[in-house]
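I opened my notebook to look up a few things in this structure. Here are my entries, in the order I made them.

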Amino acid sequence: MSMVYVNMFLAFIMSLMGLLMYRSHLMSSLLCLEGMMLSLFIMMTVTILNNHFTLASMTPIILLVFAACEAALGLSLLVMVSNTYGTDYVQNLNLLQC
Amino acid sequence: MNLFASFMLTSMFMLLLPIIMSNTQLYKNNLYPHYVKTTISYAFAISMIPAMMFVSSGQETIVSNWHWLSIQTLKLSLSFKLDYFSIIFIPVALFVTWSIMEFSMWYMHTDPYINRFFKYLLMFLITMMILVTANNLFQLFIGWEGVGIMSFLLIGWWYGRADANTAALQAILYNRIGDVGFITAMAWFLANMNAWDFQQIFITQHKNLNIPLLGLLLAATGKSAQFGLHPWLPSAMEGPTPVSALLHSSTMVVAGVFLLIRFHPLMEQNKTMQTLTLCLGAITTLFTAICALTQNDIKKIVAFSTSSQLGLMIVTIGINQPYLAFLHICTHAFFKAMLFMCSGSIIHSLNDEQDIRKMGGLYKPMPFTTSSLIIGSLALTGMPFLTGFYSKDLIIETANTSYTNAWALSVTLIATSLTAAYSTRIMFFALLGQPRFNSLSPINENNPHLINSIKRLLVGSIFAGYLISHNIPPTTIPQMTMPHYLKLTALAMTITGFILALELNLAAKNLKFKYPSNLFKFSNLLGYFPTVMHRLPSTMSLTMSQKSASMLLDMIWLESVLPKSISHFQMKMSTIVSNQKGLVKLYFLSFMITLTLSLLLLSFHE
């Protein structure tokens, strides 16, 4: 495949690695989630524009909407943890008390 | 063409003059009470002329002066009905009011606002005149509300006292509940007979008149303090004694009875209404007589006595004798006003002491008051050939010989003996025995205003029954023949009450009971009626409305049902179900290793 697609695929893989391997802050995994969403969005848009899939042109917009919802959910979870513990260190998530 | 209508209207217009004069200099000097009293005495004299014309020839008049307004098909005009009831009641009321005005010139002498007091009393009298001479329900309602308002202003005369304000408000509230009945009746008459005039109401035939008559009965219950709406009358004794004498014994409280008497052509045919009226009157007269037995305030005892006599009047209407009830209204006015005035004389002389346990031995220092109190009590209980006898004995005889409810009849007889009992109680505690009051009270009854006013009502209490009942036109035929034991029933019950009360008082004179018995507590606390009914319904309705508005709607339906219940449920479930330990990094790492391994393995698969 062409270099553009390889480039964006690599960006996606990088963000996935960042999501799955983080040290202490929950916020960094959320940021990587956003990075994954961004690379997916660009890949989808470039594919549709290059191959003239006209009818699929609304799909990036829908992707954006769902990504926004998921970001909000992730942030609310972050806020919940931060309210209870004061910080968002992952080591705090061991008690599972609500 | 005689001057019947002119004299009557002149007499009523004269009462307006002191009110009109209240903007001038006359109102500000201290001759105004004298002016008001003289006006009322002249109005009485002038109103006797049409009364005598009526007595000799039976002439009745309806004066329709001024077309006020027409509401679609209803025509309202200012019309005065001068018939049997009005023509006899107006001189009686004016006579009693004249005496009360003269009495209050002595009683309220040191009051700085005495002119305003007289103006209020006069305004009350005017609205009462409007009430009794009304020919249509609208004018009657104006008089009805007017007496209610003046009652409020006069009961709360000493408005610095919290109890007086409460009593005035209580009177207004209870009267208002009765007014609902009045307005129901007015609305029904308007909707079904298209008239508020008595003539048209009595002529048009109608099958079922229960609803308006029930409304009128409710109005009479409210205004005349029948059982269920009665607590305002003993509380109204917070007002000055002239107010109690005028409003709450002779005139205002008979307005309810007067209303029922006015509608007697409608009540004649309706047996259900008569039974209801009879039972209501019977329970009122017994209940208030029981309550009067253990009260310690002299004015409250007389107030309960008034309430009991009002119940007797309602009983008379219930046995279909409106004319006898009216006769009792007229005779009752005399001796009840006099009883209140004697109480006022005693109270003032003992330096505002109203508790009968602190009076005693007044027959030597106050002979005139003593004798008029005793004559008034005897007239009240129906001693033969005093005033009360001519109406009360006739009522008891008619009730005994008619086909009525036996329970109501026996209850009325018991109440008759209780009347004698509490009258004996007043006389025994206030007048007889050794004095129990402070020794430095300036006991003086030598004021000509006091003596003349009580003397006038005394003569009325003795002779008015004879004079009135021998001069009125014959209406319903009294029962002439009955067995001798029925004829003597009223007298026997009264004598029984007197003897029993006297014996009990003499026997227990120096004894003291440690713990009041339950019956005593029932009687002293007015049957627990105000204690329960003033607190329980209001607490319940306020609590219910708070619970339903705040708790039910806001907190439950808007907050708890969806939002809070969902979150609570989810949290409960997640804590119960999950057995994870929260090692997020480990889980993510294992995910990544799995992904990498699977990619590597699958990409090198042949």
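Predicted model: local features only at pLDDT ≥ 70, side-chain atom pairs only at ≥ 80, totals over all residues.

**Entry 1: overall form of chain B**

I began with the radius of gyration, taken over C-alpha atoms, and found 33 Å for chain B, whereas a compact globule of 606 residues would have one near 25 Å. The globule rule I used is 2.2 Å times the number of residues to the power 0.38.

Along the principal axes, the box is roughly 140 × 70 × 65 Å.

I then listed the secondary structure of chain B: 26 helices and two strands. Both kinds are DSSP runs, numbered from the N terminus; helices are H or I with at least four residues, strands are E with at least two.

I looked up burial too. In chain B, 53% of the 606 residues count as buried. Buried means under 20% relative accessible area, exposed over 50%, and partly exposed in between (1.4 Å probe, protein chains only).

Last, I checked contacts, meaning heavy atoms within 4.5 Å. Of the contacts in chain B with a separation of 6 or more, 80% are between residues 24 or more positions apart.

I picked B:Thr412 and found it in helix H19 (residues 406–431) of chain B. Is B:Thr412 buried or exposed? B:Thr412 counts as buried, because its relative accessibility is 7%. I left aside neighbours within four places in sequence and found B:Thr412 in contact with B:Ala282, B:Leu312, B:Val315 and B:Ile396.

B:Thr61 sits in strand E1 (residues 61–71) of chain B. Its relative accessibility is 18%, so B:Thr61 counts as buried. With neighbours within four places left aside, the contacts of B:Thr61 are B:Phe4, B:Ala5, B:Phe80, B:Lys81 and B:Leu82.

**Entry 2: salt bridges**

Side chains of opposite charge can pair when their charged atoms come close. I counted a salt bridge when a side-chain nitrogen of Lys or Arg is within 4 Å of a carboxyl oxygen of Asp or Glu. How many salt bridges are there over all chains? The search of the whole structure gives nine.

I looked up B:Glu102 and B:Arg456, whose side chains meet in a salt bridge at 2.3 Å, N to O. This pair links distant parts of the chain, 354 residues apart. B:Glu102 is in helix H4 (residues 84–107) of chain B, and B:Arg456 is in helix H20 (residues 448–471) of chain B. B:Glu102 is buried at 5% relative accessible area. B:Arg456 counts as buried at 17%.

Then I turned to B:Asp179 and B:Arg176, a salt bridge with its closest N and O atoms 2.4 Å apart. Both residues lie in helix H7 (residues 162–193) of chain B, three residues apart, about one turn of the helix. B:Asp179 is buried, with 5% relative accessible area, whereas B:Arg176 is partly exposed at 42%.

B:Lys564 is partly exposed at 47%, and B:Glu559 is partly exposed at 37%. I also found that salt bridges with shared partners join B:Glu145, B:Arg176 and B:Asp179 into one network.

**Entry 3: where chain B meets chain A**

I counted 14 residues from chain B and twelve from chain A in the contact. Together the chains bury about 1,200 Å², 75% of it on carbon and sulfur atoms. Buried area is the accessible area (1.4 Å probe) that two parts lose on being put together, summed over both.

Which three residues supply more of chain B's buried area than any other three? They are B:Lys585, B:Phe588 and B:Met592, with 44% of the area that chain B buries against chain A.

Key:
Residues numbered from 1 in each chain as written. Chains lettered and ligands numbered in written order. Heavy atoms only, no water.
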